[in-house]
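Please read these notes with the coordinates open.

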Amino acid sequence: MAPGGGHLALAGLCKDYGVGDPAVDRLDLEIGRGEFVALLGPSGCGKTTTLRMIAGLVEPTAGRILLDGDDLTAKPTHRRNIGMVFQNYALFPHMSVADNVAFGLEMRGIAKAEARSRVAEALGLVRLGGLEARRPKALSGGQQQRVALARALVIRPDLLLLDEPLSNLDAKLREEMRGEIREIQRRLGITTVFVTHDQAEALALADRIAVMERGRLAQLGSPEEIYERPATPFVARFVGRVNALAAEAGADGRLRIGGALLSVREPAPPGARATVMVRPQHIQLGSSGGTLSGHVTGVTYIGDVVQIAVAGDGFALTAERGTADPSWRGLAAGQAVSVGWPPDSARVFPETADGR
Ligand SMILES: Nc1ncnc2c1ncn2[C@@H]1O[C@H](COP(=O)(O)OP(=O)(O)O)[C@@H](O)[C@H]1O
Ligand SMILES: [Mg+2]
């Protein structure tokens, strides 16, 4: 089931539906052959619109879509060799599993005998062998989504597009299926764009993540780059939990909260306001020697981690510890603590004129 092509380029891609701000605004994105890229962002940021433009289901207002250098922009959907999977499965209810999967092959005029063997191969790939004769309504949600995946793969697409394919499944199955999707994608080496609003899903699945904010690309990078070195406060907040501390730079450019000098690597323009962002697992708590002084306001046990809320003069933040780490056991609300973090773990975002 070797896919044919795969290098995808979006250049200045725009979609304006004519109501409100553009849904997609000058999007540039290059995706390598065999790469798995997640489009990640909150609801309404333009993920589905982007995917549907790539598929040829929505016409761009401006910009180009290139696949292996070939301009797809004006090509109708059925002439783009693209497999697509939707959140709601979109299976034909009156057709058997086998006929659903064979549909794209029939459209392409593939001979019956070959179609039958390719359908069997695709159903084997998604571990649904033996269910060929079933109707979709006699399958579980997870099985229906496997049928949809088989239907997308059976045409040997140059590109696989998935729009929140796991959102209708329960948490356990979602994790299981994301592993399977990644395994199949690697095995076939198929270039894949996966849309999700779930940061954990994007981190777990993707080679690279494209974070979108209001129709624009906020950051493109590996999961680790996105998480460890977010380009904007929006990305830092959207991907993982983070503490945002409002600070002000003195004449020397060193950042302070109240009188306390913060431990950060990056200087800020003298006198500027800035947001200092630190992940909860980097927050150190002790009896002395930290940057800030405060007191514990709450200890919340949530299974794999414990969250320790701390507040002080001009700040409030949350630290996290793995529950296996015994250091949180002595902490209780009201207790005085000294708060710090390794300078490298803090990101500084100077406040710009427009307040973003
Ligand atoms: N057919 C449409 N007509 C008008 N506006 C639309 C249409 N489809 C989407 N939009 C708007 O475009 C923006 C992006 O939507 P969408 O691409 O569905 O975002 P996402 O998939 O990230 O949730 C939203 O503001 C949405 O309301
Ligand atoms: Mg969507």
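1. Helix H1 spans residues 47–55, and seven of its nine residues are buried, so the rest of the structure largely encloses H1. Buried means under 20% relative accessible area, exposed over 50%, and partly exposed in between, with a 1.4 Å probe and protein chains only. Helices are DSSP runs of H or I, at least four residues, and strands are runs of E, at least two; both are numbered from the N terminus.

2. Which residues of H1 are buried? They are Lys47, Thr49, Thr50, Leu51, Met53, Ile54 and Ala55. Gly56 follows H1, with a positive phi near 90°.

3. A word on provenance. This is a predicted model: local features need pLDDT of at least 70, side-chain atom pairs count only at pLDDT 80 or more, and totals for chains, interfaces and linings use all residues. Residues are numbered from 1 along each chain as its sequence is written, chains are lettered from A and ligands numbered from 1 in the order in which they are written, and side-chain values use heavy atoms, leaving out hydrogens and water.

4. Cys14 is buried at 16% relative accessible area. Cys45 is buried too, at 2%.

5. Next, the domains. Domain 1 covers 8–235 and domain 2 covers 241–350. These bounds come from an automatic or database domain assignment. Their C-alpha centres lie 39 Å apart. Eight residues of domain 1 and six residues of domain 2 make the contact, meaning heavy atoms within 4.5 Å.

6. The two domains bury about 620 Å² between them, 50% of it on carbon and sulfur atoms. Buried area is the accessible area (1.4 Å probe) lost when two parts are put together, summed over both. In domain 1, Tyr227, Pro230 and Pro233 lose the most area to domain 2, together 72% of what that side buries.

7. What about polar links? Between domain 1 and domain 2, three residue pairs are in polar contact, both at pLDDT 80 or more. A polar contact is a pair of N or O atoms within 3.5 Å; within protein, one must be able to donate a hydrogen and the other to accept it, and residues adjacent in sequence count only if both atoms are side-chain atoms. Helix H7 (residues 223–228) gives the largest share of the side of domain 1 that touches domain 2, three residues.
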